[in-house]
Amino acid sequence: ATVGDRSSNQLTAGGELRTTEGSTNENFFFSNGDFLFVRRAGGEQQTAGAFVQNTFSGQRWEFQIGARGDRWESEQGFRSETSRTTGVPRLDLTFEDRSETEFSPRVAAVFDAGNGIGIRGSVYEAFRAPSINELYRPFRVRSDITAANEALVPENLTGTEVGVDFRGGKTVRGKVTGFWNEIDDPIANVTIGFGPGRIGPCGFTPGGGACRQRQNLDQTEVSGLEAEIDVRPSHRLRMSASYLYSDTEITGASNQPALRGNRIAQVPETQVVVRASYASDSNLGISIQARFVDDQFEDDLNTRPLDSFTTVDVAVTQKLNDGWTAFLRLENIFDEEIQTGRTETGLTAIGTPFLVHGGVRVRLRH
């Protein structure tokens, strides 16, 4: 509906239905040159959601109010373990079907302050249901074992953000956003104990390994700043940069009080990306990107640090003719060591080193 010439409102509504089904089938417990058992685990999950949003707008402002309702169900969860030699089951579990309903409101506003400056803000709530992977599937990485937890409840987030967008003619665009999020019942891999020996939900845990279980903590907080700038001095040259600062903290963990005050695992405080690209008259394209990722912790106890790193990538493309493009990409050209994991004994997993790949892309047109 439209009211006069200066303001209007637009109502939007919709819905969605998602179904996920998954299972794992793996051999485990390696001893004397062979795996002793086979494990199967999995389940199904359905989510049905509906949303409604009304947008009120004037000459220099826009206001949105909306809400979303979701119903999620986890069904047919199971986990079994069977001897590979005798076929005798040693574990055969089926889990109770579960369902919950969640409500997520949102309010947002945008104001055009003039001179290419826009001011925006929003307050919102959201949720995330535990996945069937988190509910039913245990896994092992090197000597560390992580147990599933069929009793997990959804994460619930309350957040707010305030930002400024700016434009400098046709060549410069940017934005700065400050944000704060509080998450109730966040799901984390919580350390139960260390091997060797039988530990809680993990069973036998080898020496140098840890037993972890997916659990709901009481609360975490994430606050920070995000900034982006895009500069296009000509139609052939483009430069951009982005910066993200995230201050994370576990603010409540009654099941593991020692975690209170720790940083959230595997979340760096600072990330910076700088890009530049150029397109020539001969359809040759060149781009370069540098990415910095600050140090972080592998684990919830903050005892396994992962070092910061900086990588540089270069990409070259050449359009051959209509629909055909050759490309060459050089990733991590300075062969920076990227630490992706660390065990209790100090064994460090390393990410992709210097990599070169290329080929030809074909776009078919009908």
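The legends below describe several close-up views of one predicted model. Residues are numbered from 1 along each chain as its sequence is written. Because the model is predicted, local features need pLDDT of at least 70 and side-chain atom pairs count only at pLDDT 80 or more, while totals for chains, interfaces and linings use all residues, and side-chain values use heavy atoms, with hydrogens and water left out.

**View 1. An open sheet of four strands with mixed pairing.**
The strands follow the order S8-S9-S15-S12, where strands are DSSP runs of E with at least two residues, numbered from the N terminus, and two strands count as paired if DSSP finds at least two bridges between them. Strand S8 (139-141) and strand S12 (187-194) stand at the edges with a single partner strand each, so one side of each has no neighbour in the sheet. From one strand to the next the twist averages 25 degrees, with axes taken as lines fitted to C-alpha atoms and angles running from 0 to 180 degrees between N-to-C directions. Strand S9 (residues 144-147) pairs with strand S15 (residues 210-216) in the parallel sense over three bridges, and alanine 147 has glutamine 213 in S15 as its bridge partner.

**View 2. The antiparallel pairing of strands S4, S6 and S7.**
Strands of a sheet pair through backbone hydrogen bonds, either parallel or antiparallel. Strand S4 (residues 61-83) and strand S6 (residues 98-114) run antiparallel and are joined by 14 bridges, with isoleucine 65 facing valine 107 of S6 as its bridge partner. S6 is also joined by eight bridges to strand S7 (residues 117-128), again antiparallel, and here the bridge partner of valine 110 is arginine 120 in S7. S6 and S7 form a hairpin with two residues between them, and asparagine 115 in the turn has a positive phi of about 55 degrees.

**View 3. The disulfide of cysteine 202 and cysteine 211.**
A disulfide is a covalent bond between the sulfur atoms of two cysteines; here the term is applied to cysteine sulfur atoms within 2.5 Å. A search of the whole structure finds one disulfide, in which the sulfur atoms of cysteine 202 and cysteine 211 are 2.1 Å apart. The torsion about the S-S bond is about 80 degrees, so the disulfide is right-handed. Both cysteine 202 and cysteine 211 are buried, a term that means under 20% relative accessible area, whereas exposed means over 50% and partly exposed lies in between (1.4 Å probe, protein chains only).

**View 4. Arginine 39 in strand S3 (residues 34-57).**
Arginine 39 counts as buried, at 12% relative accessibility. Leaving aside residues up to four places away in sequence, arginine 39 touches Thr24, Asn25, Glu26, Phe28, Arg79, Ser80, Glu81 and Pro138, contact being heavy atoms within 4.5 Å.

**View 5. Backbone features at proline 196, glutamine 266 and aspartate 335.**
Most residues other than glycine have a negative phi, and most peptide bonds are trans. The peptide bond from glycine 195 to proline 196 is cis, with omega near 10 degrees, and proline 196 lies in the loop between S12 and strand S13 (197-199). Glutamine 266, in the loop between strand S17 (237-252) and strand S18 (270-279), has a positive phi near 65 degrees and is partly exposed, with a relative accessible area of 48%. Aspartate 335 has a positive phi of about 55 degrees; this residue lies in the loop between strand S23 (324-331) and strand S24 (339-342) and is partly exposed, at a relative accessible area of 47%.
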